[in-house]
Structures are given as structure tokens and as C-alpha cells.
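Please consult the sequence and the structure while reading.

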2 protein chains.
Amino acid sequence: MTNIFKNISVKEKKKLLKELEAIRLDFDKNTSLLKRISSSNLIGILEKGSAQIIRTDYNGNVIIISDLQVGSVFGTKFSLLDNSEYDIITKEDSNIVFIDYDYILRIDQKRSIYYQKFLINLLNIMSDMVYVQNERINILTRKTTREKLLEYFYNESKKYFSKTFYLSFNLTELAEYLSIDRSAMMREIKRLREDKIIKSSGNKITILN
Amino acid sequence: MTNIFKNISVKEKKKLLKELEAIRLDFDKNTSLLKRISSSNLIGILEKGSAQIIRTDYNGNVIIISDLQVGSVFGTKFSLLDNSEYDIITKEDSNIVFIDYDYILRIDQKRSIYYQKFLINLLNIMSDMVYVQNERINILTRKTTREKLLEYFYNESKKYFSKTFYLSFNLTELAEYLSIDRSAMMREIKRLREDKIIKSSGNKITILN
DNA sequence: TTAAAAAAGTTGCAAATGCAACAATAAAGT
DNA sequence: ACTTTATTGTTGCATTTGCAACTTTTTTAA
């Protein structure tokens, strides 16, 4: 993933953030961000620490929507944080820079070269997001557990240029990503093994044939 | 959705497209685009006509991934068109402008104000896409047909600021969007009616209570 | 190094879903 | 106006899936 400040010097970054009226906030570990920010249209850049976007459904089940690392970008609007089931929780003491999206999009003849770089970096990040989301939708719209698993495995195989690869999720997380029941997934993985479509042990997968 | 040439004059647009080495291609009705373009990282802008991004699975079932109207933007990479199951088919005689993504992202001190406007418009379009996709993922990750339907209905209701609204899909398309079997969906809609959670007739839905 | 917690792996069973195959309407085309 | 095509609505049935309730293994932390 592109760094949003790629090709921008520390000095330029400072100026840029000032021009965009960015606000930097500190959060303790295990804190909800949404209680401290108005949920208008902001983008957040995680500068220190780590966090998770989560969804809590009506019976209290928590699903991790995404993991945020240093450099991760999220949007209060486009990441659905205005949806009452959604929240961001810090996993460590964290430091986040917020920028109003409208400020970013304000056209201004005087805007500098580093602003343009920033725009380009942001565009790169957004198109990566679209790609990653399309990939997920492509999987989620498969009807059966088997098809979901295989589509995911094929994608991973392509990414690593190899029929054998290691899952970047643990199996519990994989079930969440595929939005299927973990035990049903385990059952289906076993069947894929029995049908000699894959070999697998733990998080090592080999696609056969 | 933002027009990608918003705030850009016809003259400026011409210059911009030249600078970005854009290519304009004509396609007859019911033609596959992918046979005429290399599948590298391009963005396409539909200037005339209409088209659909489709996915054809291994048993020949075709799913409409998205409908493209005049002004619609798609990416050969981020729209998964490098995936062999995907294609774009024109629905009418169409005219599409292609721009190499790398050209868009090339940083150049001399770049003009209209280029900046273009970047901002594109950024707007991309963040809309991310939002729309997150909305869909939010629905697709629900486990049951009932939850998918209700989540979709709540979203629509919010959009229209009303408990009563008309579906913008027909029911067959809705089932595709939710990635569930149409007859199973009909059954569940009937149950939602019986349980007095919604009122519905045809594509008119009212959320009760 | 041992205790505790998390993840992996299993299974029975009830419930939900997809599929197939229709009939009934509605919409579109000639 | 009439034919054709698309959409809606319905049902029985087999299969898949989720859920609950476990055991076993692995990882983490005290």
C-alpha cells in the first residue's frame, strides 16, 4: 500500500497538514474513536499505534472489518463509520491525524506540488481499496462455502505465483473474511482435501491439479 | 456521482486528454471490450452509450456486476477486468475514453489547474466507489437472507428519508445484488410481511415500527 | 514451566437455503 | 391487439449451512 506522504518531505508534510487544517489526536489503548470525533466527512491517518474497524451486530457479535496499522487511511464516511453498528477501537496507544475531506477537495490555484503529490498518493490508496473490496465482493457473491474458499485460494495462489502458499489469516479470521461459519468452513476444507482438490495442513495450502 | 470532467471546460478537457495520451474507441452494441484493449492498468470513461461489467462463472451463469451509464468510470485493474471471468459488454453503440493510470499518477511540476480538478473529481468518484462497495460488503457479510434484506431496506430507507420507498432494482436484480436465490428471497419477503416487519407490494416497501 | 487463553478440529442436528419446476402477471415488441 | 418475453410469485425437496457443544492442539502470558 502506498504511503500517503510518499515523495513528500517532513517539512512539506508539516506545511501541508497546516494548510489542510489537520488535527492530530492521541488515543489511549482500547478507546473508541467515534466518541471524540464528529462523524462528518473526515479521513483519518494512523500515525502511531494500531486500531481496528469493527462492527457489532444486534446480538453483540463483534466482527473485525479491518485492521489499521501505521500509515493506514480510513474515512469516517466511506468506511461507514456513520453507521451505528460501526466503530474504531485502538489496540494500542495511538495517534491519528484527521483531515476534513472537503478541505482536501477544495480547488485552489495556489496549491503546491506537495499537495498534488498528496492527492496522487490518496488516489493510489483509494484505487487499492476499490481493488481489494472488489476482490472481496467477488468472493462474497459466490453461493457456496466451497466456491468461496476456492476463489480465495486461487487469488492467493495468483498473488504468490505458486500453487502452494501460506494463509495470511488464521482460520478463524478466514471464516470471518469469507463470512461463513468457522466449523462449516473446517468441514468444507476437509472435503476439499478428501476430494483431492487441495492439500492443506494448518495454514499451508496447496492447490492440486 | 461526480462527473469526472466537472468544472473543466471543453477546451481544457481536450488539452487534458491530449496530455494524458487518452485514446477514444468506438464499440458496436453487444461487443466485448476486453478483446480490443490490453488489460493493463487503464481507466475507462463511458462517453456515449451504455455497458455492463459482467461475470460468467464456470457453468455459464452470467451475473451483472455493474451497469455503466454515460459518465461512468471503471478501471481495468480495480474493476477486476484482468480476472478471466469478468468482461465488459456494451449494451448500445458506445464510445469510451481510455487513460493509462500511470499517466494520471505521473507527477509533473507543470501540471495545470484543470489537471488538479481532474484529480479531485477522480478522487471523489473513487471515494464514492469505496462507500458503495463498503455498503454492499456490509450487506453481503450478513449471515441470513432476512438480515441481508433488512440491512438493504434500512439503507434505502435512510437514503430516501422515509420508511416507505420504492426499490431501485427489480426483484430479480435485488436477489443478484444480495447474492441470494431469488425464490428464497421471495419466500423471506413474504415472511417479513407475515411477521409485520415490513409491508410490501411489488417494489414498494414500507418498514413498520 | 505451568496455567490460561486462543485457535483448530469435530460432530449431531435443526433450520435455512438453493434448485427445479411451475403458474400468474406485467411489460415490451410487432 | 396480440404474441412473445421478462418478471413475479409459489412450492416441494434435497442439500448446505449455522449453531451449539465439545475435545485437542497451539500460543501466549504470568
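Helix H5 (171-178) and helix H6 (182-194) of chain A, together with helix H4 (145-159) and helix H6 (182-194) of chain B, each supply at least two residues of the surface near DNA strand C. Helices are DSSP runs (H or I, at least four residues), numbered from the N terminus, and a residue is near a strand if its C-beta atom, placed from the backbone, lies within 6 Å of it. This is a predicted model: local features need pLDDT of at least 70, side-chain atom pairs count only at pLDDT 80 or more, and totals for chains, interfaces and linings use all residues. Residues are numbered from 1 along each chain as its sequence is written, while chains are lettered from A and ligands numbered from 1 in the order in which they are written.

**Surface near DNA strand C**
- DNA strand C is surrounded by 18 residues, the closest being A:Asn170, A:Leu171, A:Ser183, B:Thr144 and B:Asp181.
- H6(A) gives the largest share of this surface, 4 residues.

**Relation of the two copies**
- Chain A superposes on chain B through a rotation of 180 degrees with 0.0 Å of shift along its axis (RMSD 0.1 Å), by least squares on the C-alpha atoms of residues with pLDDT of at least 70 in both.
- The two copies are therefore related as by a two-fold rotation axis.

**Contact between chains A and B**
- The contact takes 31 residues from chain A and 32 residues from chain B, where two residues are in contact if their C-beta atoms, placed from the backbone, lie within 7 Å.
- Helix H3 (residues 113-140) of chain A provides the largest share of the side of chain A that touches chain B, 20 residues.
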